[in-house]
Amino acid sequence: MPLSAIGRWMYIALIIIVLFPWDIVTAYNPVTPASALFIGLMFALCFGCPFPKFNKKSSKYLLQASVVGLGFGMNVVESLKSGSEGMLFTVVSVVGVMVFGVMFGYWMHINRKTAYLISSGTAICGGSAIAAVGPVLHADEEEMAVSLGVIFILNAIALFIFPPIGHFFDMSQQQFGTWAAIAIHDTSSVVGAGDAYGPEALQLATLIKLTRALWIIPMAFVTMLIFRDKKAKISIPWFIFLFILAMIVNTYCGLPEAVSTWLVWLAKKGLVLTLFFIGASLSLSTIKSVGTRPLLLAVALWILIGVSSFIVVELTIP
């Protein structure tokens, strides 16, 4: 059997394994968000992705649906109350990362648009911010590929290292949820890391990250002014408003507990499959396309936001 055929069948088999309800039939669930991402990464490096278009679209829309599903397990009043403590630093960190990112990019002689895209992805919500801002500043395919590639690599690493760091420093669930939402790039890994740390961390990380993602809208308008294009199309993350609606329904509409529990369970399964899709989208060409200087810029910004947010969270949140 040709290697491509083996890859296609293995891809389908791995989807079945990832979706299997291990937590219902066994005491131990071997397929966590982190392991699903790792399985996808290993598969992609060995076989490549047999269905790239399906993989890309599925990861995007399944992530959005999973985030909305998580809203059915949250109380809007309690979530907003607990999440308010991380909002101020969210504002400061978004502006700070953008300013430092553009300055570092200029100092390192990195393409202006590439540095701006990497800064946007680090400051707000990874690939979603880059995908929204890129068309506004008319970034070409190479600039988009480099920016998305470097953010993707760091985002994948974050899912593996953040929960152990949180446990090593004995962070509370509220501390870790706030820190993960600010310091991890993409929503997928933020939710995955929060889920690995605990239920309170998951809820808080999701709420703060989605609030942070709304910065895509003002960021796109500012980008239009900077790059002088008032006709550019702005992509609005509508699914965030559906997430808020799901929280409202769960809080005020008397949704039966069995229904909300089932919806949250489905959402978590969807998240695990999303991370498999994201891992399976990695390729050696993506890694090679990044380059040294863009990677160094992304790592520098990541360290900046990671360390500063960790210190603020440790000092201000019990």
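Q: Among contacts between residues at least 6 apart in sequence, what percentage joins residues at least 24 apart?
A: In this predicted model, 83% of such contacts in the chain link residues at least 24 apart.

Q: How many helices and how many strands does the chain have?
A: The chain has 17 helices and zero strands. Of its 318 residues, 50% count as buried. The chain exposes about 15200 Å², and carbon and sulfur atoms supply 72% of that area.

Q: What describes two packed helices?
A: Two packed helices are described by the angle between their axes and by the distance between those axes. Here, the axes of helix 7 (residues 112-123) and helix 9 (residues 141-168) come within 9 Å and cross at roughly 35 degrees. The crossing of helix 7 and helix 9 is right-handed.

Q: Which residues of helix 7 and helix 9 meet?
A: From helix 7, K113, T114, L117, I118, G121 and T122 meet E143, M144, V146, S147, V150 and I151 of helix 9. Sorted by class, this contact has six nonpolar, four polar and two charged residues.

Q: How many aromatic pairs are there, and which residues form the aromatic cluster that includes F168?
A: The count comes to 16 aromatic pairs. One of them joins F168 and F169 edge-to-face, at 5.1 Å centre to centre and with 85 degrees between the planes. F168 and F169 also belong to one aromatic cluster with F162, F176, W179, Y197, W302 and F310.

Q: Is F168 buried or exposed?
A: Exposed means over 50% relative accessible area, so F168, at 68%, is exposed. F169, at 44% relative accessibility, counts as partly exposed.

Notes: Residues numbered from 1 in each chain as written. Predicted model: local features only at pLDDT ≥ 70, side-chain atom pairs only at ≥ 80, totals over all residues. Heavy atoms only, no water. Helix = DSSP H or I, 4+ residues; strand = E, 2+ residues; numbered from the N terminus. Buried < 20%, exposed > 50% of the residue type's maximum accessible area, 1.4 Å probe, protein only. Contact = heavy atoms within 4.5 Å. Areas by Shrake-Rupley, 256 points an atom, 1.4 Å probe, with all protein chains shown as cover. Phe/Tyr/Trp six-rings, centres within 6.5 Å; stacked < 30°, edge-to-face > 60°. Axes fitted to C-alpha atoms, helices over the stretch in contact; angles between N-to-C directions. Left-handed = near helix turned anticlockwise from the far one by under 90°. Nonpolar A, V, L, I, M, F, W, Y, C, P; charged D, E, K, R; others polar.
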